[in-house]
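Please keep the sequence and the structure open while reading.

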There are 2 protein chains.
Amino acid sequence: MPVIGPRPLSRLLLFSLVPVASWFILRPLLEPLPSIPALYSSIGFSLFAFLATIYLVPALGPTFIKARLSGRDLLKVYDSKIPREETLIPESLGLVCASIYILSLILFIPFAFTKPILEQVNGNKSHQGITVVEFPHYQLSVYLSSLLSLLVATILGFLDDVFDIRWRHKIPIPIIASIPLLMVYYAEHGNTNVVVPIPLRFIFGTLINLGPLYYIYMSLLSTFSTNSINILAGINGSETSQALIIAISVILNDLLYLPWPVGFRIPLHLLGNHTEVEFGGVWSAGMAHGSRELVERHLFSLYFMLPLVAVCLGFLYHNWYPARAFPGDTLCYVTGMAFAVVGIQAHFSKTLLLFFIPQIFNFLLSCPQLFGLVPCPRHRVPRFDGDTNLLYPSTASEVEFPKPPTKLTTIVLNVLALLGLTKLTKDPSTGVITNATNLTILNVFLLRLGPMNERHLVQVLICSQVAGSMLAFFIRYGLAGLVYDGDRR
Amino acid sequence: MPVIGPRPLSRLLLFSLVPVASWFILRPLLEPLPSIPALYSSIGFSLFAFLATIYLVPALGPTFIKARLSGRDLLKVYDSKIPREETLIPESLGLVCASIYILSLILFIPFAFTKPILEQVNGNKSHQGITVVEFPHYQLSVYLSSLLSLLVATILGFLDDVFDIRWRHKIPIPIIASIPLLMVYYAEHGNTNVVVPIPLRFIFGTLINLGPLYYIYMSLLSTFSTNSINILAGINGSETSQALIIAISVILNDLLYLPWPVGFRIPLHLLGNHTEVEFGGVWSAGMAHGSRELVERHLFSLYFMLPLVAVCLGFLYHNWYPARAFPGDTLCYVTGMAFAVVGIQAHFSKTLLLFFIPQIFNFLLSCPQLFGLVPCPRHRVPRFDGDTNLLYPSTASEVEFPKPPTKLTTIVLNVLALLGLTKLTKDPSTGVITNATNLTILNVFLLRLGPMNERHLVQVLICSQVAGSMLAFFIRYGLAGLVYDGDRR
């Protein structure tokens with residue numbers, strides 16, 4: 001492969017998007033006031049975040065290489081005549097994305113939390129539906145604690161990149177980042193009640209107070225969302241596209257709870273739900289069914305997800321195959337923490353976890369390797385064949401297992417092989433398992449669909465993530481009616 | 001100089017301080033409740049922060065060296081037989097201090113802001129004086145925005161260390177770190193009024209609303225406090241000891257505003273003030289004169305300064321001559337931002353600036369070099385002579401100025417030389433200035449007091465800082481009566 005320069009960027013994008021973004025930011029100051037003024041500013045800041053990411057990532061690449069935050073792409077062939085330095089690709093550029101993301105959230109504060117806009121609208125009460133002119137003021141501290149957690153995640157992610165922490169040590173790191181969230185949740189007397197599924201209510205009642213367990217649940221949620229994205233990595237664009245699709249799924253879910261200016265219906269009864277869902281009209285506000293609290297929560301989530309989609313999209317342009325920039329661990333930490341933040345603060349952590357179906361599958365599949373049942377190499381990315389330019393499933397050991405597998409390992413591997421999730425190599429004389437493909441979703445794709453090139457593999461991953469989200473919506477709005485009644489929170 | 005290992009640490013310190021610190025943290029939960037329960041927890045967390053710093057700095061040193069965050073001490077002689085790698089000293093360890101500092105502030109949140117303690121005291125109202133059982137709840141967002149600014153300062157300081165940003169580019173960096181502060185100040189409708197000094201009141205009245213100018217003032221304050229410490233650096237222990245003494249001065253000032261259990265008087269009339277200051281008793285609360293708001297503000301400041309003193313003290317143990325660890329820019333950024341935070345949020349920025357007298361002097365003295373009137377080398381630290389082990393004033397150019405100085409430069413340098421602040425080298429035939437000592441306070445000490453070793457020089461710096469703080473107290477509580485009346489805020 002020849003040396004690749006940065007992807008071209010047209011100035012037209014800059015010149016056309018800047019005025020649009022500025023209009024969106026300033027829209028809340030113009031008459032007539034829209035139903036949710038701050039939402040316009042959020043869209044405006046997201047557009048700026050997109051522009052900043054797409055232009056700054058290539059601009060800052062050389063600085064990262066100079067600071068030795070760079071590496072070669074292991075799944076590419078390089079011309080041996082080109083000196084090594086010229087094939088280096090900047091790493092840890094997730095730091096740039098995280099900085100832009102957090103900065104745009106900080107600059108958004110006055111638009112979401114100040115009075116002037118509220119006062120302006122006071123003479124203007126003829127609106128139909130909910131007019132969420134201002135975020136409830138007490139929520140400022142919740143917002144700020146979320147920002148603190150995101151910043152701590154950024155620092156820890158970058159430290160991980162600089163100091164190269166071993167994976168066993170870094171699993172609990174997101175717990176540290178969740179501390180600000182937990183502390184403020186406690187200081188604000190956050191709700192630790194959980195709605196009990198209908199089949200269990202005869203034991204626990206409708207609501208159960210988890211108390212301290214709820215705090216453990218919250219910190220584990222951030223640990224899971226961070227690490228599950230991190231272990232599904234290794235090919236160009238994989239981390240970024242996962243985060244992008246999960247964020248878009250969360251946004252789609254949030255939109256169901258907002259007051260829409262137009263009325264329409266979603267035929268949810270086709271999915272097995274009791275009723276259709278109506279949108280629009282005075283206070284009907286979609287799935288929120290008139291609950292101002294639900295609208296506010298999902299707005300909160302939206303304000304965190306819109307700029308996240310923007311930076312992921314901007315970064316994906318440079319991270320797409322063949323990648324011109326690597327995200328590093330910083331991106332996984334920040335996106336994972338952002339998902340945990342909205343899941344916790346907007347109280348839809350169960351729905352959120354449904355959007356992680358591919359990650360949960362990948363995590364469960366990885367368990368035998370993560371917990372030492374099957375040997376685990378440093379990198380489990382698919383094996384690259386330079387001649388065909390295709391990826392093949394990689395194996396757990398380079399040649400064969402250092403020692404014959406235990407009984408338990410043999411059983412587990414045989415079951416996984418039976419399910420088509422791994423391919424075993426056996427000693428032809430004794431029948432003992434001598435090797436197995438690595439237990440990751442990427443290797444499963446290659447096993448089931450045959451060898452393919454890197455771009456194709458990341459496309460398959462994206463499709464599986466989209467399919468997972470569609471399944472999630474089906475479970476949440478179709479099947480959930482079987483175990484929860486309308487009183488969900 | 002032989003290779004130096006980490007300074008020894010006794011286990012006794014650990015074993016004796018841990019129970020003491022734990023008692024302080026848990027004190028608010030024990031009866032009888034003290035007047036300011038959260039203050040005990042703050043002291044407890046500060047003790048833990050001290051312990052964490054003093055033990056973690058040497059423990060993490062090798063990790064920093066491995067990540068290439070290290071350097072040689074330029075003001076030491078090394079045995080040429082010892083390989084270079086063994087003489088490396090870990091750099092950027094201010095990151096460890098900053099992390100411990102911020103983590104202790106985050107863990108302190110529930111102690112300062114939750115109800116249980118308040119409820120416990122409700123049946124217990126027989127206290128004398130102010131019982132500040134709980135921080136006003138609305139202040140949580142102010143506290144969180146301060147933490148955000150400190151975290152941003154940490155990230156930027158560490159990025160400065162990793163990417164080695166040029167000094168002209170890094171001057172405005174603290175403005176970015178002050179954005180969270182400004183945004184929340186705006187969203188919370190912070191006070192932008194300033195009390196006008198008596199001699200100017202006939203023009204402006206008693207109070208003047210600075211409006212947007214106040215925000216500019218706030219961001220400039222953080223820029224100044226950060227950079228002024230940063231440019232007074234270069235010898236072992238200089239940054240840390242400056243921060244330490246300023247923080248102690250702020251604490252002493254805060255203590256004047258707290259409700260004391262014992263009554264005593266400070267004979268301030270000796271300093272030219274109108275009245276004596278009384279302490280103790282019901283609601284008298286020292287200089288606060290019964291204002292609950294003033295007490296709360298100075299408690300806020302105290303909560304930020306106590307752990308800062310703790311980490312500075314812990315770090316100074318390893319940073320003291322001959323240094324086993326360097327702070328990097330991170331420490332300057334975080335301490336500078338911490339001072340700006342308390343000055344802004346607790347509304348005593350003018351008093352705060354008085355504690356920066358040596359820094360202000362050093363900054364004014366540096367101006368001709370900072371603004372290009374006099375050549376400015378990359379490092380302006382004193383010149384080290386390996387034979388005598390003494391420091392001498394360093395010169396602006398290695399041999400002589402690349403071109404003869406302009407008229408303005410000649411005048412400025414001659415005036416400074418007349419004041420004894422620089423030593424000029426002149427061409428003996430033409431009388432044209434060919435070189436000058438660097439314009440820093442450290443070089444002035446060496447000029448006036450003669451060459452001395454590094455340890456001695458940092459001691460002189462510490463003495464000047466202490467003298468500056470004493471002068472500050474004299475100006476604030478003695479002379480200020482001439483230009484401000486009692487109605488200060």
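Leu479(A) lies in the segment after α18 (454-477) of chain A, where helices (H or I, at least four residues) and strands (E, at least two) are DSSP runs numbered from the N terminus. With a relative accessible area of 38%, Leu479(A) is partly exposed; buried means under 20% relative accessible area, exposed over 50%, and partly exposed in between, with a 1.4 Å probe and protein chains only. Together with Leu471(A), Phe474(A), Leu482(A) and Val483(A), Leu479(A) forms a nonpolar patch on the surface, with about 420 Å² of accessible area in total. Such patches are made of residues with over 30% relative accessible area and no salt bridge, like charges being joined within 9 Å and nonpolar side chains (Val, Leu, Ile, Met, Phe, Trp, Tyr) within 5 Å. Accessible areas come from the Shrake-Rupley method with a 1.4 Å probe, and for residues only the protein chains shown count as cover.

This is a predicted model, in which local features need pLDDT of at least 70 and side-chain atom pairs count only at pLDDT 80 or more, while totals for chains, interfaces and linings use all residues. Residues are numbered from 1 along each chain as its sequence is written, chains are lettered from A and ligands numbered from 1 in the order in which they are written, and side-chain values use heavy atoms, with hydrogens and water left out.

Chain A as a whole has 18 helices and ten strands, and 57% of its 489 residues count as buried. Its accessible surface comes to about 21,000 Å², of which 66% belongs to carbon and sulfur atoms.

How are the two chains related? A rotation of 180° with 0.0 Å of shift along its axis superposes chain B on chain A, with an RMSD of 0.1 Å, so the two copies are related as by a two-fold rotation axis. The superposition is by least squares on the C-alpha atoms of residues with pLDDT of at least 70 in both copies. Of the residues of chain B, Ser141(B) comes closest to the rotation axis, its C-alpha lying at 2.3 Å.

Over all chains there are six salt bridges, each a side-chain nitrogen of Lys or Arg within 4 Å of a carboxyl oxygen of Asp or Glu. Three of them are set out here.

| Pair | Closest N to O distance |
|---|---|
| Glu454(A) and Lys76(A) | 2.6 Å |
| Lys76(B) and Glu454(B) | 2.6 Å |

In chain B, Lys76(B) sits in the loop between β1 (70-71) and β2 (89-90) and Glu454(B) in helix α18 (residues 454-483), so that the pair links parts 378 residues apart. Lys76(B) is buried at a relative accessible area of 9%, and Glu454(B) is buried at 3%. In chain A, salt bridges that share partners join Asp73(A), Lys76(A) and Glu454(A) into one network.

Cys312(B) is buried, with a relative accessible area of 1%.
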